[in-house]
Amino acid sequence: MVQAQRWVGKPIPRRDALEKAIGQAKYASDLFPEGLLWGKVLRSKYPHARIKRIDVSKARSHPGVVAIFTHEDIPNNRYGPFNKDRPVLCDDKTRYIGDPIAVVAAETPEAAEEALGMIEVEYEPLPAVLDPLEAMKPESPKVHERGNIARQTHISFGNVEQAFREADIIVENTYTVGTQIHAYLETEAGISYFDENGRLTIVAGGQSPYRDRHEICSTLNIPEDSVRVVIPHVGGAFGGKDDISVQIHLALITLKTRRPARLVWTREESTIAGTKRHAGIIRMKTAARRDGVLLANKTEIIYDTGAYEGLGPAVLDVAIENCNGPYKIPNIDISATLVYTNNYVASAFRGFGAPQVLFAIESQLDAIAEQLNMDPIELRLRNALRRGDVGVFNNKLIGSVGIAKALEIAANHELWRERERYKSETARPWIRRGIGVASAVKGYTLGALPDKGQVGVELTREGKFRVRVSSTEIGQGVLTALAQVAADMLKCGVDDIQLVFADTLETPDTSVTSASRQLFLAGNALADAARKMLDKMRHVAAGLSGEPPEVFDFLDGYAISRDGKTRISYAGIARYMENNNIPLNVVGEYEVPRVEPIPGTLEIPHLFYMFAAALALVEVNTLTGFVQVRKLVVIPDAGKVINPQTFQGQIEGAAVQGIGYALMEEAKIENGILKTQNFSTYLIPSIKDAPEIEVIPVEDGEETGPFGAKGIGEIGIIPIAPAIANAIKDAVGVRPLSIPITPEKLYWLIRSKRSENGSQ
Amino acid sequence: MYPKSFQYFAPKSVKDAISLLNKLRGEAKVIAGGQSLVPMMKLRLATPAYLIDLNKIKGLEYIKAGRGVIQIGALTRHSTIEKSELIRERVPIMAEAASHIGDPQVRNLGTIGGALAHCDPAGDWGAVILALRGEIRVAGPRGQRTIKADNFFVDAFTPALKPNELITEIRIPTPPEGSGGAYLKMERRAGDFAIAGVAAQITISPDGTCKYAGIGLTALGPTSLRAKKAEEALVGRELTDEVIDEAAEAAAEDAKPFDDPLRGSAEFRRAMARVLTRRAVKQALSRARGG
């Protein structure tokens, strides 16, 4: 059946736009349940220390303090999505500055704060391991009993060494990438209470109500059906709320005191105890033939996951999967290591391990193009993957592959075609302009891991639909997009779709909102639900009219017979179903197709990949090392754009976050102490740093996606840093191998090149 | 974090404020715009037991032209200076410097007196007042006194103020005909503290030589600094590119920068002192010539 698209593809305003703009939308941090206790967390002062004694007696008797909890109150004191290596409250050791030791619940925030200072913790400081390379040495102090190698793997296809011998050129570089902080507007926040049915309820920012509930229940040893987790509007997540933050501590307070509680991290707590993007070292040796055909790529990846793994093992997989870029390379060899240190915990962050390695491979490609004196886009096109190709892991690419088309659009873009003119238009002799290109690739869905989601659809007695998803609205606009998809699937107006979201009591499990796939997953489950719902309605229409079910089709809220003579409104169908006790609700399900993981990996390869190309125009001040991005062109392979407005917003936001990653954002950690704890020290781009951003979607359609849509949540950030780095190289002739490319780094790089050339 | 609890006073006159300061001795902090103090209190870097708020005192917020001098009340907001017609006409470098301070919210509340009393080596006013040879009027229990800018910045966060003294006014000698100034600030991002900043104020004689040169440095030492060698390199000479390069080199020598994990190494900042001085003097010169 050809699906008419009336709402899909329309730039309708987000349904939460107005309520958010006028301050009516409630975030978890806006909630103050009556009679609440204020929660506060005592955090470790040392990056690595044995805990010899915790004495809470003085703090407990402080006026206003109701309860203080330590590890003794946690039945199963370890959690984590892959390895349960993280304590709810530290027992034997603390492993980073900020590791939680005690939770205070008090009548006022002041009393809670004061009590923190009265808890006596006797530490035995241990030598801290702060450098991942040091941490990898066997003699290094151990962060965890099992050693500092959290995960290590080696994957090889073909024979790189032989290819290196036969290659015309080889480019070898070591890249370093810094730690990026999510820096969402809303910090980690939540409240907890017992509802009128005695159910322990946690309302907190997150990305998966069901997984958060699982972590709460497994650590506190309580049955899952006794707990409800609700995730209201979230003031930004970017992967940073994929891990537990306040949820278990809140549940603990309410469970033990039987009173409501509120726990909102300060900005400093958020930057310290929140997860981060993995810092890393990437060594890459890439070989090509004179004609530009890539022959081999050997990569060594070392990611610093900090004190605990979080989603680190999967992040490492994504790094492995994408370190060869969107290219056909017959010989590849990857060694990858995830290292524990006493630094801050790294886990999920938009791009999930890919931005780091794409910075490396896309810089490599540029260096090869330069050596071969070849147009960098032409080189990329020569090696670009196309649909049906076999990827580097011997994996057949069955999904849509839009990278070649994106690169062709880049090549034909005015900024590229007329780049010599753009470069010549600088006002001052010491300002140099450059234009760079980069590709990006990342899988969406959970790859080779089981990945399944459910969506509920209910016909209301008014003839409208209530769609139930546990997807979380983390700012990306998924609810609006799903409403558009639902309206076209259920043949009604978009305003006839009501969405209930992210609530373990009210919505089925649509799995975690991550991996750029919530629209894909929920949209496909919704398609299943819509089919079931319309089928039911078709039979009711048949019953009501006496005509056979197959003559009915649906349009604009009516079941209409083929001859057009019978029209039954959805409301009429709903009333009939209700009166005859026919259930008004269905549940749709979608299981993401997957293949077996490659030996040595957890979740790769994916079957579905996102792609993008980007162009950057930069101005470099050769006297100061300052870089200004003047223009970005981002060309994502979107499959099909469901809502151009939210699509543009997603890509622009990712691009600006990418500028921050490339040029300014770096969590400075010295001796285990985070020096950038707030926005006066940790700089994120402001509107003054945001250039003109042109977004051009490739819309070739992905048949498996709802209406042809693919994921787009993460791909926008991935090509930005390498495009900027390549533009800098184009401008001043030096290649930045380390991001962020701060003015000082670039200043010295430019100076060192000048002294090499013999001039000043 | 929340600030530690404190007791709050809002005196209505300078006299009352001083007698409170006198009585509470080192326990009290004066709050004007609060744009530096409040963040420090939230970080618990400052934990005053008493706050004395000057905002209820009338007559400390003004900009006026006296004889050969521009007088600015201590409570005058950065944004008022930024927008003042008088300032833009007579000492435009001050309007330019004001526009670089923090963000609009900071400028709307922060005051020039408060910023100087805070004495942050990365604060923007110090370099400008030094370059203009300004004076700081101060009131204490025994009346008023005047401190030359050169003697005001003792050390980081340490002005030449006694614990019971208040800044009441900033006085700037009105630059004569043929003057021009420029304040350049290099920031990691708009609104941040300076990596380095340079204030240059010059006056050109009718014969084309430099009659007056004032060079102030921001974030290039333990306090705001005056780059005296750089000034000497300019005064009495025709400001050719070579002379300006010489002054820029001298300013880099005058600078006493330190390593900062966030805002750059000492050597980078010294290099920036050179770049900024060159550019600031050139801009000041072009403005002095009516450009």
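How many helices and strands does chain B have? I am working from a predicted model, and in it I find twelve helices and 14 strands in chain B.

**Chain B, overall form.** I next looked up the extent of chain B, whose C-alpha trace spans about 60 × 45 × 30 Å along its principal axes. Its radius of gyration is 19 Å, which agrees with the value near 19 Å that a compact globule of 291 residues would have.

**Chain A against chain B.** I then turned to the contact between the two chains, which takes 27 residues from chain A and 22 residues from chain B. About 1900 Å² is buried between chain A and chain B, and carbon and sulfur atoms carry 62% of that area. Among the elements of chain A, α3 (109-118) and α20 (743-756) each supply at least two residues to the side that touches chain B, and α20(A) gives the most, with four residues. By class, I count that side of chain A as eleven nonpolar, eight polar and eight charged residues.

**Domains of chain A.** The division I used for chain A has domain 1 (17-24 + 452-591), domain 2 (31-126 + 188-264) and domain 3 (276-446 + 598-757). I looked up the pair formed by domain 1 and domain 2 of chain A, whose C-alpha centres lie 38 Å apart and in which 20 residues of domain 1 are in contact with 19 residues of domain 2. The area buried between these two domains of chain A is about 1500 Å², with 55% of it from carbon and sulfur atoms. Within domain 1 of chain A, I474(A), T504(A) and L505(A) lose the most area to domain 2, together 36% of what that side buries.

Which residue forms a salt bridge with R228(A)? I found D503(A), with the closest N and O atoms 2.6 Å apart, and the count between domain 1 and domain 2 of chain A is one salt bridge. I also recorded seven residue pairs in polar contact between these domains, again with both residues at pLDDT 80 or more, and the touching side of domain 1 of chain A divides into six nonpolar, eight polar and six charged residues.

Over all chains the structure holds 75 salt bridges, and I followed up one of them, in which the side chains of R290(A) and D168(A) meet at 3.3 Å, N to O. R290(A) sits in the loop between β13 (279-288) and β14 (294-306) of chain A, and D168(A) in the loop between α5 (160-166) and β8 (169-177), 122 residues apart.

**Backbone checks.** Most residues other than glycine have a negative phi, and most peptide bonds are trans, so I listed exceptions. The bond from I604(A) to P605(A) is cis, with omega near 10°, and P605(A) lies in the loop between β23 (585-591) and β24 (609-621) of chain A. A cis peptide bond also joins I739(A) and P740(A), with omega about 5°, and I located P740(A) in the loop between β29 (738-739) and α20 of chain A. F352(A), which is not a glycine, has a positive phi of about 50° and lies in the loop between β15 (331-340) and α10 (354-372) of chain A.

Key:
Residues are numbered from 1 along each chain as its sequence is written. Chains are lettered from A and ligands numbered from 1 in the order in which they are written. This is a predicted model: local features need pLDDT of at least 70, side-chain atom pairs count only at pLDDT 80 or more; totals for chains, interfaces and linings use all residues. Side-chain values use heavy atoms; hydrogens and water are left out. Domain bounds come from an automatic or database domain assignment. Contact means heavy atoms within 4.5 Å. Buried area is the accessible area (1.4 Å probe) that two parts lose on being put together, summed over both. A salt bridge is a side-chain nitrogen of Lys or Arg within 4 Å of a carboxyl oxygen of Asp or Glu. A polar contact is a pair of N or O atoms within 3.5 Å; within protein, one must be able to donate a hydrogen and the other to accept it, and residues adjacent in sequence count only if both atoms are side-chain atoms. Ala, Val, Leu, Ile, Met, Phe, Trp, Tyr, Cys and Pro count as nonpolar, Asp, Glu, Lys and Arg as charged, and the others, Gly among them, as polar. The radius of gyration is taken over C-alpha atoms; the globule rule is 2.2 Å times the number of residues to the power 0.38.
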